[in-house]
Amino acid sequence: MTPVEKSEKADRRYDLIVWDWDGTIMDSTPTIVHCIQQACRDLGFKEPDDTLASSVIGLGIQDSLRRAVPWIEPRHFQELTDRFRYHYLAKDHELDLFVGIRELLEELRADQFLLGVATGKSRVGLNRSLNHHQIGHLFHETRTADESFSKPHPAMLLELSDMTQVPTRRMLMIGDTTHDLDMAANAGVDAVAVTYGAHPPDTLKVSPSLAHVDNVAQLSQWLKANV
């Protein structure tokens, strides 16, 4: 990682903006749901419906599958994980960033905000996506579920705070699930919920956040007015 640049704007509210990946930066929710269901079909297991499958997005892969398919025996989870990864890797290169996200990240970086990622993806998976979409250079630090604790544990945010030397009161978390918002609350970090990802607005309301935004354009407007 490049050395962390310090903000030159004393009047700003936050120095580090941390992003979830799936469902916040990348439009991957339908694909993840499909891959969970297809993995179950491959192995002859009852598959979760769309609502249950999408509810676990944002967690680490093991936590996700245990919650999405709680009716199978633990000895089958590794096999299920392998089948999920098989299907997801076949689709990964086809996934797109949400429209406007790249430009928003570039604007924030140019405005000297520090940018981070806290994701339920693996390190290999995140690096693959960063490289494929050629936006890795926009982020100062990133943390993944396989090198930390899974959401909603606060570890990823606390580690990003240590890595960037930005106190949690000067950090903002942006995510599309209650797992993101609860992680932020557990770390003492403010959060904004986006409603265009995995969890519907009514579900997001149960977790603390400063605002709910319905699309990237609204998110950009909120950030310009509030950070």
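How many bridges join E1 to E2, and do the two run parallel or antiparallel? Four bridges join them, and the strands run parallel.

## Model and confidence

This is a predicted model. The mean pLDDT of the protein is 94. Of its residues, 96% reach 70 or more. Residues 1–8 are another matter: over this stretch the pLDDT is below 50. Beyond near neighbours in sequence, residues 1–8 have 17 contacts in the model.

## The sheet

Six strands make up an open sheet. Their order is E3-E2-E1-E4-E5-E6, with parallel pairing. Strand E3 (141–144) and strand E6 (212–213) stand at the edges. Each has a single partner strand, so one side of each is left without a neighbour in the sheet.

Strands of a sheet pair through backbone hydrogen bonds, either parallel or antiparallel. Strand E4 (residues 171–175) pairs with strand E5 (residues 190–194) in the parallel sense, over four bridges. Within this pair, isoleucine 174 stands opposite valine 192 in E5.

## Helices on the sheet

Helix H6 (residues 123–133) packs on the sheet. H6 touches strand E2 (114–119) and E3. The direction of H6 makes about 140 degrees with that of E3.

Helix H10 (residues 216–226) also packs on the sheet. H10 touches strand E1 (16–19), E4, E5 and E6. Its direction makes about 170 degrees with that of E4.

Is E2 enclosed or open? Six of the six residues of E2 are buried, so this strand is largely enclosed by the rest of the structure. In a regular strand the side chains alternate between the two faces of the sheet. Both faces of E2 are covered. Leu114, Gly116 and Ala118 are buried on one side. Leu115, Val117 and Thr119 are buried on the other.

In E2, leucine 114 is the bridge partner of leucine 16. E2 and E3 pair in the parallel sense over four bridges. Valine 117 has threonine 142 of E3 as its bridge partner. The chain gets from E2 to E3 through H6, and this β-α-β crossover is right-handed.

Threonine 119 stands opposite threonine 144 in E3. Glu141 and Arg143 point one way from E3. Thr142 and Thr144 point the other way. All of these E3 residues are buried.

## The H3–H4 contact

The axes of helix H3 (residues 61–68) and helix H4 (residues 77–92) come within 10 Å. They cross at roughly 110 degrees. The two helices are therefore roughly perpendicular to each other.

On the H3 side, the contact is made by Ile61, Gln62, Leu65 and Arg66. On the H4 side, the residues are Phe77, Gln78, Leu80, Thr81, Phe84 and Arg85.

## Leucine 204

Where does leucine 204 lie? Leucine 204 is in helix H9 (residues 201–204). With a relative accessible area of 0%, leucine 204 is buried.

Not counting residues up to four places away in sequence, leucine 204 touches Asp176, Thr177, Thr178, Leu181, Ala193, Val194, Thr195, His199 and His212. Glutamate 159 is 45 residues from leucine 204 along the chain. The C-alpha atoms of these two residues are separated by 25 Å.

Terms used: Residues are numbered from 1 along each chain as its sequence is written. This is a predicted model: local features need pLDDT of at least 70, side-chain atom pairs count only at pLDDT 80 or more; totals for chains, interfaces and linings use all residues. Side-chain values use heavy atoms; hydrogens and water are left out. Two strands pair if DSSP finds at least two bridges between them. Contact means heavy atoms within 4.5 Å. Axes are lines fitted to C-alpha atoms, for helices over the stretch in contact, and angles run from 0 to 180 degrees between N-to-C directions. pLDDT is the predictor's confidence in each residue, from 0 to 100. Buried means under 20% relative accessible area, exposed over 50%, partly exposed in between (1.4 Å probe, protein chains only). A crossover is right-handed if, with the strands pointing away from the viewer, the path from the first strand over the helix to the second runs clockwise. Angles under 35 degrees count as roughly parallel, over 145 as roughly antiparallel, 65 to 115 as roughly perpendicular and the rest as oblique.
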